[in-house]
Amino acid sequence: MKTIEEINEKIKDGSVCVVTAKEMKEIVSELGPEKAAKEVDVVTTGTFGAMCSTGVFINFGHSDPPIKFRKAWLNDVEAYTGLAAVDIFLGATKPSETRENYGGAHVIEELVFGKEVELRAIGFGTDCYPRKEIETIISLEDVNQAIMVNPRNAYQRYRAATNSSDRLLRTYMGTLLPNYGNVTFAGTGEISPMNNDPEFRTIGVGTRIFLCGAKGYIIGEGTQHSPPFGTLMVKGNLKEMKSEFLKACYFPGYAPSIFLGIGIPIPVLDAEIARSTAVRDWEIKTTIVDFGVPRRDRPVVREVTYAELKSGKVEINGEEVRVSPLSSFYMAEKVMKELKKMIEKGEFLLSLPVERLKSKEVFKPMKQKEIRIVREFMTKAVTIGENSNIEDAAMLMINKNVNHLPVVDEEGSLKGIITSWDIAKAVTKGAKKVKEVMTREVITVFPEEPIAIAISKLEKYDISALPVIDAKRRVIGIVTSETISRMLEV
Amino acid sequence: MLLQLRFDSKTVKEPIISRVAIKTGVPINILKADVGARKGEIIVEIPDDKSKEIESLFLEMGVEVHEITKSIARNDDCVHCGLCISICPTEVFQLNSEMMVEIKSEKCIHCGACVKVCPTMALYFPI
């Protein structure tokens, strides 16, 4: 048994034994947890990944005459101003209003790099803050405070992503190739902070951490904290951060984001902690979920360990699929080593949490007003066989007053769709049969899907109707943009 | 060797690659093709020892030819996350023992898939 105070004394007199989480695995397997706990005082853990829930509070000081920000932009990235006069919160994922592939993350990066950025703001023009607009150039040196406060960082583990659909998806988990073309995963597994202290004995409110090269603090559990998918809320002084440990990025089709390097020292107080810092990738489980289904509860494709993910290949439905990490193990190791160096040099003392994080918490879904599903908006589909004549199709459309005919086989399975526009095309081409002009790649929906999904498909593919099908591709109805807009208006 | 062939509005309508293949008897492997009504750009792989003969034939037929000598490259923005690894169809990217992304550029077929997905925009084709 050791105390934090004893470890801090050792840090001060230079006799402390610090190892990285990677080194600790070997030490524990060699010496066993009891002996390892005697030998090792501190284990440094690390992660380096894109962490969207990141931002910076900045206070600019007052202008003359003073202004109360109504809206403010840094390099054309809007910041939140619903605070005191010249306080703002700049979020990492906020896109620039003028520049592509640029956002809050990039402004933060430029500030840490020592660059100047443009502040533009408009004010209310009150008696106490009469000024109505301002434009100036500022750098990190010019502002009073620049405090990074991140509501959710350092995910303990995360669900890996794949894509069953036939479309390439551009997501916050990177680009997901069609038909289970690849898998991406985030988190550093066995070296990730919370996996090395899953009971949160030393990681809690007030724990001093390494945040992008600066000394930072855990200020609480992060949003969506749900162990073993734990998260942290952290803060640190942007002015002390090193650009090496922070990198703005951009996920095409999603938003800007920011790679952060976070390291947490774990004091080895007893054998129990030594044992938990010996955790290995093959013990850390997560799931691979299917982003091809655009729902909150994405279907689980399979369970997987971080060891399998880190191997670079996993099996899905009997096929080998290549895996990409999203977190940098190289940089995570740099974080662990840098933190180790800081502790060894006596520059970084440990702190015990003043309050422990909850080890059980449920991550609830959003409370929504009643979710309306496709079935409510579905009307009876008038269908036609693929060998039917164009004239019959045209007649059917006129008689039933519809513009879309799903084309089906004998079993009622969807084969295509023909629209009044296709009929016009058939006339000009001299086509005789439905199958000559029908569209074969039909965009469809399932009856239990939220209507929002149907609407986004209609918009995305610029079409006006979707056949509703069951699991066997049998046509059970149709939703048209006409019906949807009529029903939603009421 | 990789050649970048540029076709103008005239040459894009002609079956030039087939003609060159038939005339030389050399199989030409198309790696990337972006062909429209008025122009086209195709990247082909040809045997090194026949490159001079094939290049001059393409030139004769009015096609602009550039030898591709430099493949995918990266700048200092790379953080070695490895997102490119599973995107690349020819496994150009791998993590080495230090967990850094290593580029085996000889395998690169210039498809550009990695350039579009790199979150730090660190990948590019040198000109």
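**Note on strands and domains in chain A**

1. In chain A, A:V56 stands opposite A:M148, a residue of β9(A). The strands concerned are β3 (residues 55-59) and β9 (residues 145-153) of chain A, which pair in the antiparallel sense over four bridges. Here a strand is a DSSP run of E of at least two residues, a helix is a run of H or I of at least four residues, and both are numbered from the N terminus; two strands pair if DSSP finds at least two bridges between them.

2. This is a predicted model, in which local features need pLDDT of at least 70 and side-chain atom pairs count only at pLDDT 80 or more, while totals for chains, interfaces and linings use all residues. Residues are numbered from 1 along each chain as its sequence is written, and chains are lettered from A and ligands numbered from 1 in the order in which they are written.

3. β9(A) also pairs with strand β17 (residues 232-237) of chain A, in the antiparallel sense and over five bridges, and in this pairing A:V149 stands opposite A:K235.

4. The domain assignment, whose bounds come from an automatic or database source, divides chain A into domain 1 (4-52 + 149-356), domain 2 (61-143) and domain 3 (374-489). Taken over C-alpha atoms, the centres of domain 2 and domain 3 of chain A are separated by 51 Å.

5. An open sheet of three strands in chain A has the order β25-β26-β27, with mixed pairing. Because β25 (384-385) and β27 (414-419) of chain A stand at the edges with a single partner strand each, one side of each is left without a neighbour in the sheet.
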